[in-house]
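Please read them with the structure open.

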Amino acid sequence: MNPEHAPGQGPEDGVHAVVAEFSHPHDLAAACEKVRDAGFTRWDAYTPFPVHGLDDAMGIKPTILPWVVLAGGITGCGGGLLLQYWANSIAYPFIISGKPMFSIPANVPIMFELTILLSAFAAFFGNLLMGGLPRFSNPLFRMPRFRRATSDRFFISIERSDPRFAEAKALLSGLAGAVVVEECPVDTSSDEIPRVVRYTGLTVGLLALAPFFLFFTARNTTSTEPQFHVVPDMDFQPKYKAQTENDMFADGRAMRLPVAGTVARGELRDDEHLQDGTIDGVWAKDLPPSITGDAAFMARGREVFAIYCSVCHGLDGRGDGLVTRRAQQKGLSWVRPTDMLQDTVRVQDIGQLYGTVKNGIRNMPSYAAQIGVRDRWAAVYYVRALQRAGYASLDDVPPGERAKLEKKGDD
Amino acid sequence: MTSIDPTLVEERPGDRPPILDGPNDYASVTEDVCRIAEPPVTQTPKGWLMGFALASTILLVLGAMVAHLFLTGVGVWGNRSPVFWGWPIVNFVFWVGIGHAGTLISAILFLFRQKWRTSINRFAEAMTIFAVMCAGLFPGIHVGRVWLAYYLFPIPNQMQMWPNFRSPLLWDVFAVGTYATVSLLFWYMGMIPDLATLRDRATSKVRRLAYGIFSLGWTGSNRQWHRFERAYLILAALATPLVLSVHSVVSFDFAVAQLPGWHTTIFPPYFVAGAIFSGFAMVVTLMVPARQFFGLKRIVTVRHLEAMNKVILATGTMVGYAYGMEFFISWYGGNPAETFTFVNRAFGPYAWAYWIMVSCNVLAPQVFWFKKARTSIPIMMVVAIFVNIGMWFERFVITVTSLSRDFVPSSWGYFSPTWVDVLTLIGSFGLFFTLFLLFCRFLPTVAMAEVKAAMPEPGHGHAERPPAGGAEPAPEGGR
Amino acid sequence: MRGFEVGAPEDAAPAEVVNGRLELCFIPDSRVWDGRFANNAWLQETPDFMTKLVWDNAALVSPATAEALGLRNGQVVTLEQGGRSLTCAAYVMPGQARGSIGIALGYGRGAAGRVGGDASAEVAPVGFDANRLRNSAAPDAAGGLKVVATRDRYKFATTQDMFAIDAVGMAEREKRVTGQHDLVREASLEEYRADPAFAKYVSVPLLDLWERPDVAVRHAWGMTIDLGKCTGCNACVVGCQAENNIPVVGKEQVSRGRIMHWIRIDRYFAGDRDDPRVVNQPLACQQCENAPCEQVCPVAATTHNQDGLNDMVYNRCVGTRYCANNCPYKVRRFNYLDFHDDLDKHEPDLDLKKMAYNPEVTVRWRGVMEKCTYCVQRIQAGRIKAKREGNREVKDGEVVTACQQACPTEAIVFGDLKQPRSRVSELAAAPRAYQMLAELNVDPRTRYLARVRNPDPALPKAEVKHDKH
């Protein structure tokens, strides 16, 4: 507050300011004009209510607060528009009542409210901060007389830091209507925070950090359980989900098997060749009669193979799919999947290949749950094509396509 | 920068009674207002203690009802299909409406330089804050899953979900939230100089500390006043469109829906007029006993009350016009569903509510055409209470009767409240009056600085005042 | 029994209503039959197809009889016949024969079980035991009935006409309900021949303020309901309840307007009070293209998905209930209380109860809005199946909603409106098809097929009378 002191007058004389008291606002206004004209700079008038005409009398320049408020308002308006645009048409776009993702009319109310809100914040906090508030300690508060400044008396104070402070007392004493002229002492009390306040503040501050700490630990947890269940909401369902336990039954399963000797609609398994890939228990050598192995079926097979098989077996079936390569890269213990082009596999009947997909083999699980019957056949049909392609000669290529291959080989 | 004389009253002297009665000076105003807040806790007036005990008991009832609601579910109320919104929303709109007078008196009358407002504005603003708190309670607790009410705010979250900004309810969140915030800032900012007065008069250490913290170190320096007045003016200018927008947005909750009886363009102005109407009635209801009890008759004079009664008459008549216009449009618009809704309101199963509304809101205030009624304390008290009741019923009629019978007759149903509905409404008054009594006891109930600024300077008649710049239309004036 | 008068000359003088010489008819109940299903809560909470009563039977009296005897809805009466008596409550039922009082069997049981009444476990019986008036001499109907009215009132729970309707409401309902251009559209055969597309009428031109987004990217699921085929049997209501884990809320909650059924059957009377025509209209979520419920939800808990379905996101719902207010059909249902709360407790047959739930459908907790989803879990299952089977198209008729599956007359047809040859597309394009409340421009996906009446001319009062048009 008191950065400089007038030359020749140290702070040691203990004077902070000279204060004159008035009992009428018009006396104060006249006095202010005199102080202003005398060229003082670090001084102020204190009144219990705003006395009009005093701003001119003191020579106060208009405040820039309106511009701050304007900036706040523009921020609120633009921010409101951006928030709504971003939230409803970029971050979280949904079709609502067949309406467009973004339309100004629906956004006007919130833009308006945010304009007002941010303008009001600017006005309120701008007013406080620009006026140096909050400021809880002020040397003037140490003067008993000054307490009436908020009730019915009017004051002028000229601070020591004013370059012309030496003339201050004389000037104030000579003013008409000045009831009392006093010196305000410098605040000599310790600026140390009282112990009670310090420790309370520290405790509250630490406690306030606790939620953040809890959030921090929560986000690092490896537990799959939710942290708190204050409200059960719909997290615990009073129903049996698929693959869960139910003590009511001897087998402990919640899902029931069909009654023995019954077949559900569409579940009749009367085609051994198609369903199991065998004919009288022996692996079938051909596609089931209900399936035609044409180009479309091959294309489907390629699709199914790419989706389900290639991740391990690789797109060419040699056993170096993405998962395999990644596992090797990471140095994990990973059994390399079978190379489908090796002879042991090539000699298998197509029915056996189908059986492998359906039932699984060694480390490979059954894919019956993921791949439908027709698609399983399509996949093994494609595997056959891969096997043939791995050992193909130019003679296997249709005559019309050979030229292309030769050209490619030159490159 | 400004030059309007503080003591220059707009009206010519002798035209109207002065703003304050009897001999007053700055010190007496300070004394009159501060002595309400200053007695130590041990010397609290008995009347206040009894009132506070009653209000806080009712507040406890509210707490019990809210706890019961949270633990059991919205089913404790009478809400049903098709009346999915029942009393909670009626209460919400009722309280928001009441919360309009304070900011209106503070902001709009300030901009219009109605100096008589200075005696009552603090009071009315406090009423606004507490009414908006009551109002904010209801939409908060009326949702089915209260613990997820934060979904309504655009808070970034791990699920990357955002609210739907097309919904009028979301507009409502922003409008009521902004209104509550700005009203609070406006109220608090106006109170800072008066809190400083209390700080400087405080005798006990606790009071000095408490008022010291909340007055933020205000000294009354003219450099502070200069900026303060600017900020106050700006806040008033911001609050004026805000106060008009809030009830407009609340009315959008209804008007944007396609329900017959809700879907009308007249709603925003009609709601705003109704809000001012109910708000002023509530100010009169509270001001009359308060000025008696706290000895503020010299500051809040019959002239203030009469002015408010005039506003009640004007807005009550506007509301009556809106009732008539709704009927006219429902017929003129030719929408059969709409026509039926209004016939049903007046002559259907809820006719009793409709006619209570019309008699309380349109007929009762008409007595204020007579000066005798406007200046009679008992008459204005009765009319004000009638208006409060009538305005609650207006919201009931709009919300419940429209919902009870809409498009498909098979879904029609009759709403009846439960005891929880009734006790929650009563309990909200407990919240309101508890806060209000605390305000009356511990805070400056009258804006002392503003009253002083509007007073003729002691020892100086009007004629002496220099007309310095009095004609200059500087907006900073009027304080 | 009812229907005895068929064939009686139309101009026969109406029978005098003489107390003490009234007829008493025993009717098998449409839900619990003779009482054997009285312990089934789903059936107890199914509204009777005529009375719309739940959890009750009643002494049904026609409006004219009620007037003559001075009875009001819900008045407690004592029926005295052949030295026996039963205290029950009267329910005024248009269409009940004059001078005849009907009472459904199967209620008032003391040994039905925990739902329908169990004297040993102090579970109060549901309804009134009509068997107390019945003997082997007159098992179906008896004469010489005397009705003694008391001053007491009994509280019925109904899902429609939930309060004694006043003149204003009655007049408006008459105006809105049946006719060629109303909520339930119907015409006589001649009228239909004159203008087969009579039901297409929309009172106002429909204009959109904006271009609609292309919502039906993959499918456009839709439904048609043939009002000519609907008999109001309630099978869809119970089928839906079983499929979609819809709770039973009990009589008290039903009387407070909180029944949870996703599909309801609206029953309206038209014409003469004592001999009315009856129309039924099943009403579930209409899956509007411009769904009015969506725009008012502050948290976007109900939105359109890529199949153009109006989805309800339970976990996002905070329960403002604004959507239900803005739904012109009032088909949304709110969980006012935790209607499944008995499942939180440890009851002996808890496991059994839990098994009644469909694992594919979320069990909703209190505070959440719900409504018909067009059985979205079945749609998903059908789509996944088609995808697994060679990524083929979902075939018409492959996805069947629960209500459709349960409907004995096949009045409900569901399918993809994007497939031009699907049954639902063809029906939706039929001249009889109309959208309910089309004038609101909500553009519902569910379409109704207007009813064409063609009664046998040999029957009395065969001609369709229209009060207007």
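1. Contact between chains C and B. In this predicted model, 59 residues of chain C meet 62 residues of chain B. Together the two chains bury about 4700 Å². Carbon and sulfur atoms account for 56% of that area.

2. How many salt bridges are counted between chain C and chain B? The count is one. C:Lys330 and B:Asp406 form a salt bridge, with their closest N and O atoms 2.8 Å apart.

3. What chain C brings to chain B. Five elements of chain C each give two or more residues to the side that touches chain B: α3 (167-176), β14 (264-270), α7 (292-296), α8 (322-326) and β18 (333-334). Of these, α3(C) gives the most, with five residues. By class, this side of chain C has 32 nonpolar, twelve polar and 15 charged residues.

4. Contact between chains A and B. Here 71 residues of chain A are in contact with 68 residues of chain B. The buried area is about 6300 Å², 65% of it on carbon and sulfur atoms. As a reminder on the quantity used, interface size is often given as the accessible area lost when the parts come together.

5. Polar links across A and B. Two salt bridges are counted between chain A and chain B. One salt bridge joins the side chains of A:Asp233 and B:Arg145, at 2.7 Å from N to O. There are also 18 residue pairs in polar contact between chain A and chain B, both residues at pLDDT 80 or more.

6. What chain A brings to chain B. The elements of chain A that each supply at least two residues to the side touching chain B are α1 (25-37), β2 (43-46), α2 (54-58), α3 (65-91) and α4 (104-130). Which element gives the most to that side of chain A? It is α4(A), with 17 residues. By class, the side of chain A that touches chain B holds 45 nonpolar, 16 polar and ten charged residues.

7. A sheet in chain C. Three strands of chain C make an open sheet, in the order β11-β12-β23, with parallel pairing. Why do β11 (178-179) and β23 (451-453) of chain C each have one side without a neighbour in the sheet? Both stand at the edges and each has a single partner strand, so one side of each is left without a neighbour there. Strand β12 (residues 184-188) of chain C runs parallel to β23(C), and three bridges join the two. C:Glu186 stands opposite C:Arg451 in β23(C).

8. Backbone points to check. The peptide bond from B:Ser81 to B:Pro82 is cis, with omega near 5 degrees. B:Pro82 is in the loop between α2 (46-72) and α3 (87-98) of chain B. C:Asn234 is not a glycine, yet has a positive phi of about 80 degrees. This residue, C:Asn234, lies in the loop between β13 (221-226) and α5 (235-243) of chain C. For background, most residues other than glycine have a negative phi, and most peptide bonds are trans.

9. Confidence in chain C. The mean pLDDT of chain C is 86, and 92% of its residues reach 70 or more. Residues 1-13 of chain C fall below 50, with 13 contacts in the model beyond near neighbours in sequence. Residues 462-469 of chain C also stay under 50, and the model has 22 contacts for them beyond four places in sequence.

10. Chain B averages a pLDDT of 83, and 90% of its residues score at least 70. Over residues 1-15 of chain B the pLDDT is below 50, and that stretch has 47 contacts beyond near neighbours in sequence. Over residues 459-479 of chain B the pLDDT stays under 50, with 46 contacts beyond four places in sequence. Where pLDDT is low, the predicted coordinates should not be read in detail. For the complex, the predictor gives an ipTM of 0.87 and a pTM of 0.84.

Notes:
Residues are numbered from 1 along each chain as its sequence is written. Chains are lettered from A and ligands numbered from 1 in the order in which they are written. Side-chain values use heavy atoms; hydrogens and water are left out. Two strands pair if DSSP finds at least two bridges between them. Helices (H or I, at least four residues) and strands (E, at least two) are DSSP runs, numbered from the N terminus. Contact means heavy atoms within 4.5 Å. Buried area is the accessible area (1.4 Å probe) that two parts lose on being put together, summed over both. A salt bridge is a side-chain nitrogen of Lys or Arg within 4 Å of a carboxyl oxygen of Asp or Glu. A polar contact is a pair of N or O atoms within 3.5 Å; within protein, one must be able to donate a hydrogen and the other to accept it, and residues adjacent in sequence count only if both atoms are side-chain atoms. Ala, Val, Leu, Ile, Met, Phe, Trp, Tyr, Cys and Pro count as nonpolar, Asp, Glu, Lys and Arg as charged, and the others, Gly among them, as polar. pLDDT is the predictor's confidence in each residue, from 0 to 100.
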